[in-house]
Amino acid sequence: MSALPGSAEGTAVTGLDSSPVEPAAADLPPLTEQVRLEAREIIARYPQPRSALLPMLHLVQSHQGYVTPEGVALCAEELGLTKAEVGAVATFYTMYKRRPTGRHLVSVCTNTLCAVLGGQRIFDALSRDLGVHHDETAADGSVTLEHAECLAACDYAPVVTVDYEFYDQQDVDSARELVAALRRGEKPHPTRGAPLTDFRGVSRQLAGFDQYGGEAARAAAVDAEGAIGPTLAGLRLAAERGESAPPMPGPARPPADTAGGPRPAHPSQAQGGARDGAGETVRPSGRTGETPEEEAADARVAAADNPAERAGAAQAHPDKGAEYGQPRGRQHAGTETPPATEPATGTTPTDGKA
Ligand code: FES
């Protein structure tokens, strides 16, 4: 099943869904005084009260399963905003639901990489099994299904999340079994991260409250090991290619060997070298020997904790002189691939999943 422009599903997928917030069901428990107190607790965390709106909307979802009209009104009252202002925020972000959600929210990444590796087939199969389209809930209230944009785990594509916990490297069969288990009331362990709870539980956590029953359960969730390790393919590739992030813009900093001084992000900063505003030219040092700056840069490379940090430190080393002194526009940008290391067309540097 594909989202067609103009169809109800298509408008939702493309973010053009203008449907209003759905009225609360008659049997939905009202927001209690305790919820209002929790909202005030959130507000107290911020210098500006309105900064609390996003976690407050998660709080509403944790109690009522979606952003209800009652929840919008509560947020508006507590923050001194209009309901229209609260509604504008609640309808902007896809994590805020305008219709009642199921016990679990199943998100299938159908962005490019996941789609070509089967994400769309997974979504279509789940849609058929559940009898729902995007942003709709199965009749038994167990699962809400949605398309998702890139979930930032492309090297584990195709990716499905349940209540924002990762189930990596899925295929149609494994995803169907996952959802069948959810409908039976089971909670299969995610491939990474904390144990699965449910949509309301994770909404409570996103509001900044504990969703676990006590310190031991919380510690177990934080320490939970997954079947798959963290996604580090990008870091490894960057290290192999000698790539690093470009230096942060900002005022020149003192040399690193100044007691307590911050690390320089670029040779020009390490040496007090000038950037000439318009041309942003870095002045060559003209040094011939090992300077304190170079020694400090050597130490940073040696002390790097991981390959990516080492590559970044090497990139910022004063002895990286080939590009030093050239106008910035002609310097090698940190995220470019050096021509000499560009992989041949048609080859993949890893297992083809990233
Ligand atoms: S495209 Fe699916 S996680 Fe990035």
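Mentor: Start with burial. A residue is buried if 20 or more other C-beta atoms lie within 10 Å of its own, exposed if 12 or fewer, and partly exposed in between; the C-beta atoms are placed from the backbone. By that rule, 30% of the 354 residues of the protein chain count as buried. The model is predicted: local features need pLDDT of at least 70, side-chain atom pairs count only at pLDDT 80 or more, and totals for chains, interfaces and linings use all residues. Residues are numbered from 1 along each chain as its sequence is written.

Trainee: What makes Asp-135 count as buried?

Mentor: Asp-135 has 21 C-beta neighbours inside 10 Å. The cut-off is 20 or more, so Asp-135 is buried. Its phi is near 65°, a positive value in a residue other than glycine. Asp-135 sits in the loop between helix H7 (119-130) and S2.

Trainee: Is Tyr-164 buried, partly exposed or exposed, and how do you know?

Mentor: Partly exposed, because Tyr-164 has 19 other C-beta atoms within 10 Å. Buried needs 20 or more, and exposed needs 12 or fewer. Tyr-164 lies in the loop between S4 and S5. Its phi is positive too, near 70°.

Trainee: Why does Asp-171 count as partly exposed?

Mentor: Asp-171 has 13 C-beta neighbours inside 10 Å. Asp-171 is in the loop between S5 and helix H8 (172-183). Its C-alpha is 9.4 Å from that of Ala-157, which is 14 residues away in sequence.

Trainee: What makes a run of residues a helix or a strand?

Mentor: DSSP runs do: helices are H or I with at least four residues, strands are E with at least two, and both are numbered from the N terminus. The protein chain comes to 14 helices and five strands.

Trainee: How do you know that two strands pair?

Mentor: DSSP must find at least two bridges between them. S2 and S3 have two bridges, antiparallel, so they qualify. S2 and S3 form a hairpin with five residues between them, and Gly-141 in the turn has a positive phi of about 75°. S1 and S3 run parallel over six bridges. Strand S1 (residues 104-109) and strand S4 (residues 160-162) are antiparallel over three bridges.

Trainee: What makes S3 largely enclosed?

Mentor: Six of the six residues of S3 are buried, so the rest of the structure largely encloses it. Val-143, Leu-145 and His-147 point one way, and Thr-144, Glu-146 and Ala-148 the other.

Trainee: What lies in the loop between strand S3 (143-148) and S4?

Mentor: Pro-158 does. The peptide bond from Ala-157 to Pro-158 is cis, with omega near -5°.

Trainee: How do you know that the span of H8 agrees with its number of residues?

Mentor: The expected span is 1.5 Å times one less than the number of residues. The twelve residues of H8 should span 16 Å; the end C-alpha atoms are 17 Å apart, which agrees. Ala-175, Leu-178, Val-179 and Leu-182 are buried in H8. Seen down the axis, the buried residues fall within an arc of 90° (taken from the directions from the helix axis to the C-beta atoms), so they line one face. Asp-173 and Glu-177 are exposed on the other side.

Trainee: What do the buried residues of H8 pack against?

Mentor: S1, H7, S3, S4 and S5. Contact here is C-beta atoms, placed from the backbone, lying within 7 Å.

Trainee: What makes a set of residues a nonpolar core?

Mentor: The set holds buried Ala, Val, Leu, Ile, Met, Phe, Trp, Tyr and Cys residues joined through C-beta atoms within 7 Å. The largest such core has 30 residues; Val-106, Val-143 and Val-179 are among those with the most contacts inside it. S1, H7, S3, S4, S5, H8 and helix H9 (199-206) each supply at least two of its residues. Apart from it lies another core of 18 residues, among them Leu-57 and Cys-75.

How values were computed: Two residues are in contact if their C-beta atoms, placed from the backbone, lie within 7 Å.
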